[in-house]
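Here are my notes on the model you sent. Please read them with the structure open beside you.

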Amino acid sequence: MPAGQVQPHAHEPDGGGANHRRPQSPPSLPAEVVPAFAPPESEDEESWVWSQIKAEARRDADAEPALASFLYATVLSHPSLPRSISFHLANKLCSSTLLSTLLYDLFLASFTAHPSLRAAVVADLLAARSRDPACVGFSQCLLNFKGFLAIQAHRVSHVLWAQHRRPLALALQSRVADVFAVDIHPAAVVGKGILLDHATGVVIGETAVVGDNVSILHHVTLGGTGKAVGDRHPKIGDGVLIGAGATILGNVKIGAGAKIGAGSVVLIDVPARNTAVGNPARLIGRKNGEAEKDEDMPGESMDHTSFIRQWSDYTI
């Protein structure tokens, strides 16, 4: 194992033994920084997802001996999902000067102190498994999906930013950008149930807000319009779907359940349940101006083209 990397833990209870290093819990944060989710439901889901991950890892280790050591070190040697993901992120993001031991303690302390971060991890795993047909298991997402890993690292950097540990938050942002090619400012607010599909080239600016159950494809930019300071980045509502290569600039609002077509450049607000396509983007509303009651949110259905059926003026 390369110097500086975290050694996997042997099987042990979460409390550990006398020599076990216990992470120091950071101070609690206001609800608006780390929103609370229902603990009973979150705990049940976390336990179930973790059991699925371990079962998949055992299966894959048996089927592919070349991966057995990796799967043991990253999944099977850990007693909980927070420890596993902290270990994995630490070894992904470490460098010769930012040691994985430091990062492991940092990640684990944040996940331990803030149950809502763990709930968001689970929600993101469930989102990837249900929305991405290429995702064949929870363990695949945990171990190999860089969009998922980048979002979890961002959640920790966001906590650090809120605690005024900003140099460390920015250092973590830089490592995420270097390793995963995903650049999310630590101050950006990101909800739960997020899917960054493929993820390469995603940029999310400092004052951006991304709601719950949003799906974003590769090379999407949520950016500003110049060098002005202040609230200058997009606000993305719940259940929004943003296609590959889309660019949304300025303090514009994308309403819940909206779709942004691939390659679009959006400079204006997009109402809820509407679709914006083109460069510059134009709105393609509905004939009746309303969503069908039984229609799924685009961020969850991943349906990029259903709006075509609604409009007779669509031509190629």
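1. Start with a term. A helix here is a DSSP run of H or I with at least four residues, and helices are numbered from the N terminus. By that rule A68 lies in helix α2, which covers residues 68-76. A68 is partly exposed, because its relative accessible area is 28% and that class runs between the 20% limit for buried and the 50% limit for exposed. In sequence, A68 and R58 are 10 residues apart. In space, their C-alpha atoms are 8.3 Å apart.

2. Now the overall picture. Keep in mind that this is a predicted model. The chain has 316 residues, and 50% of them count as buried. It holds nine helices and 15 strands. Take the contacts in the chain with a separation of 6 or more: residues 24 or more positions apart account for 52% of them.

3. Look next at helix α8, residues 166-180. Does its length agree with what a helix should span, or disagree? At 1.5 Å a residue, its 15 residues should span 21 Å, and the end C-alpha atoms are 21 Å apart, so the two agree.

4. Which residues of α8 are buried? They are A169, L172, Q173, R175, V176 and F180. These residues cover an arc of only 165° around the axis, so they sit on the same side of α8. The face turned away from the buried side of α8 carries the exposed residues P167 and D178.

5. α7 is mostly covered, with 15 of its 17 residues buried.

6. Follow the chain out of α7 and you reach H164. H164 sits in the loop between α7 and α8. Its phi is positive, about 65°, although H164 is not a glycine. Most residues other than glycine have a negative phi, and most peptide bonds are trans. Is H164 buried or exposed? H164 counts as exposed, because its relative accessibility is 61% and the cut-off for exposed is over 50%.

7. A199 is in the loop between β3 (195-197) and β4 (203-204). Its relative accessible area is 0%, so A199 is buried.

8. A cis peptide bond joins N279 and P280, with omega about -5°. P280 is found in the loop between β14 (275-278) and β15 (281-284).

9. Next, empty space. Rolling a probe the size of a water molecule over the atoms shows where empty space is left. How many cavities of 30 Å³ or more does a search of the whole structure find? The search finds three. The largest cavity holds about 50 Å³ of space.

10. What lines the largest cavity? The lining is made of A150, A153, H154, S157, L172, Q173, V176, A177, V182, D183 and I184. The elements that give two or more residues to this lining are α7, α8 and β1. By type, the lining residues divide into seven nonpolar, three polar and one charged.

11. Last, find R118 in helix α5, residues 115-131. Is R118 buried or exposed? R118 is buried, because its relative accessible area is 18% and buried means under 20%. Leave aside its neighbours within four places in sequence, and R118 is in contact with E46, P82, F111 and T112. R118 and Q152 are 34 residues apart along the chain, and their C-alpha atoms are separated by 9.3 Å.

Definitions and conventions. Residues are numbered from 1 along each chain as its sequence is written. This is a predicted model: local features need pLDDT of at least 70, side-chain atom pairs count only at pLDDT 80 or more; totals for chains, interfaces and linings use all residues. Side-chain values use heavy atoms; hydrogens and water are left out. The expected span of a helix is 1.5 Å times one less than its number of residues. Buried means under 20% relative accessible area, exposed over 50%, partly exposed in between (1.4 Å probe, protein chains only). The arc is that of the directions from the helix axis to the C-beta atoms. On a 1 Å grid over the protein atoms alone, a cavity is a set of points where a 1.4 Å probe fits but cannot get out, and a pocket is an open set with protein on both sides within 12 Å along at least five of seven lines; lining residues have an atom within 4 Å of a point. Grid points are joined across faces, edges and corners, and a volume is the space filled by probe spheres set on the points. Ala, Val, Leu, Ile, Met, Phe, Trp, Tyr, Cys and Pro count as nonpolar, Asp, Glu, Lys and Arg as charged, and the others, Gly among them, as polar. Contact means heavy atoms within 4.5 Å.
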